[in-house]
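Below is a set of questions and answers about one structure. Please look at the sequence and the model before reading on.

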Amino acid sequence: MFKPLSNSQVARLGGRLRDGVYSADDLKLLSEYGALFAPALKEVVQGIAKLTSVQPTERPAKSIQSIIYKLQRLPTTRLDSMLDMAGCRLVVGNTFEQDDLAESMMKLFCDDPRLIDLRQVPHAGYRAVHVVVKAQGRRVEVQIRTELQDSWAQCSEHWAFKVDPAIKYGGGPKEVRERLEHLSTRIRQHEEQFASRFFSAPFFSKDAPYGIPQFWEEFIASDAKLKAWLLEWKRGADLYQPPEGS
Amino acid sequence: MLIDFDQSSGKLLSSRTFAESERALAEKARLDLELALHAAGNMREVVILRARDEAQIRRTHRRYFETWEELLT
């Protein structure tokens, strides 16, 4: 049983990681700090199991590389205030399921939950719903993505690996950034269009111009089209050559 | 599952699966790998992902495992 880290110890550790002057002992300390989130994550995952049959994948501790990159990218962020030290991810079929699950999470973990709806305000094109809940005094981030949002995110990650990690944060080559944002916008339009049609009153009436099966048929066809675009665009990353002079 | 991923090349260097009863062992393996990388002056994405089965991890974190084509099918 180790002695709990004090806030000032964590803050100083974060400073050393940000400055890139950390030691092996600091990595051990960070590992101890990450372990403090395990009981909270366990409680959150147990809660999710009550709400949905969709299985989450747990990430008990953020990777050291991700922590350091985040501290360096966001100079005002402190290690002890990071909301995503521990978390989990669920991929659901559509925005209806996404909204339902996020709302249920907020009700189940009602101690100061935070809903971060990145569908309306995407981060460099990244769209999802993140719910940050509190359990056992610790924050845990739950990422809820639709399949299309997840496909886009995987695509973006791939471009980041192949071309420039800054793409994930709104940097990198302009043409790549713009194209990814364009695809993100198309996915948003697709998801919003189908959501608004689904919830419109005539859709449910007996005089509706088409029924639910036809609606889903159209939805799936549109999904497939967007995925085909993403695939074509993703292939381009392997062949990408930056413009001369960049 | 313990993932060792090289972001600069976009390649999964290794993945190691642990049983649910081996959580502490997985955590130790993660820390040992991080310490070894630090000693060698390297940095890679080393992370533990946990799910009911490996297929679940491959579904939610496809980018570690799949090619372009596989990602969208």
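Predicted model: local features only at pLDDT ≥ 70, side-chain atom pairs only at ≥ 80, totals over all residues.

Residues are numbered from 1 along each chain as its sequence is written, chains are lettered from A and ligands numbered from 1 in the order in which they are written, and side-chain values use heavy atoms, with hydrogens and water left out.

Me: How many helices and strands does chain A have?
Reply: Helices (H or I, at least four residues) and strands (E, at least two) are DSSP runs, numbered from the N terminus. The elements of chain A run α-α-α-β-α-β-α-β-β-β-α-α-α-α from that end. The totals for chain A are nine helices and five strands.

Me: What share of the residues of chain A count as buried?
Reply: Buried means under 20% relative accessible area, exposed over 50% and partly exposed in between (1.4 Å probe, protein chains only). Chain A has 246 residues, and the share that counts as buried is 47%.

Me: Is A:E191 buried or exposed?
Reply: A:E191 sits in helix α7 (residues 174-199) of chain A. Contact means heavy atoms within 4.5 Å; leaving aside neighbours within four places in sequence, the contacts of A:E191 are A:T95, A:R127, A:T146, A:L148 and A:Q149. With a relative accessible area of 6%, A:E191 is buried.

Me: Which elements do the buried residues of α1(B) pack against?
Reply: Helix α1 (residues 23-39) of chain B has 17 residues and reaches 24 Å between its first and last C-alpha, close to the expected 24 Å. Its buried residues are B:A26, B:A29, B:R30, B:L31, B:E34, B:L35 and B:L37. In chain B they pack against β1 (2-6), β2 (11-16) and β3 (45-48), and in chain A against α2 (24-35) and α4 (64-73).

Me: Which residues have the most contacts inside the largest nonpolar core?
Reply: A nonpolar core is a set of buried Ala, Val, Leu, Ile, Met, Phe, Trp, Tyr and Cys residues joined through side-chain atoms within 4.5 Å. The largest one has 20 residues, and those with the most contacts inside it are A:L17, A:L30, A:Y33, A:I67, A:L79 and A:M85.

Me: Which residues lie nearest the centre of the largest pocket?
Reply: On a 1 Å grid over the protein atoms alone, a pocket is an open set of points where a 1.4 Å probe fits, with protein on both sides within 12 Å along at least five of seven lines; lining residues have an atom within 4 Å of a point. About 1100 Å³ of space lies in the largest pocket, a volume being the space filled by probe spheres set on the points, which are joined across faces, edges and corners. Of its 40 lining residues, those nearest the centre are A:K62, A:D84, A:H130, A:Q143 and A:Y169.

Me: Which element gives the most to the lining of the second largest pocket?
Reply: This pocket has a volume of about 480 Å³. Of the 25 residues that line it, the closest to its centre are A:P60, B:R23, B:A26, B:I48 and B:R50. With five residues, the element that gives the most to the lining is α1(B).

Methods:
Expected span 1.5 Å × (residues − 1).
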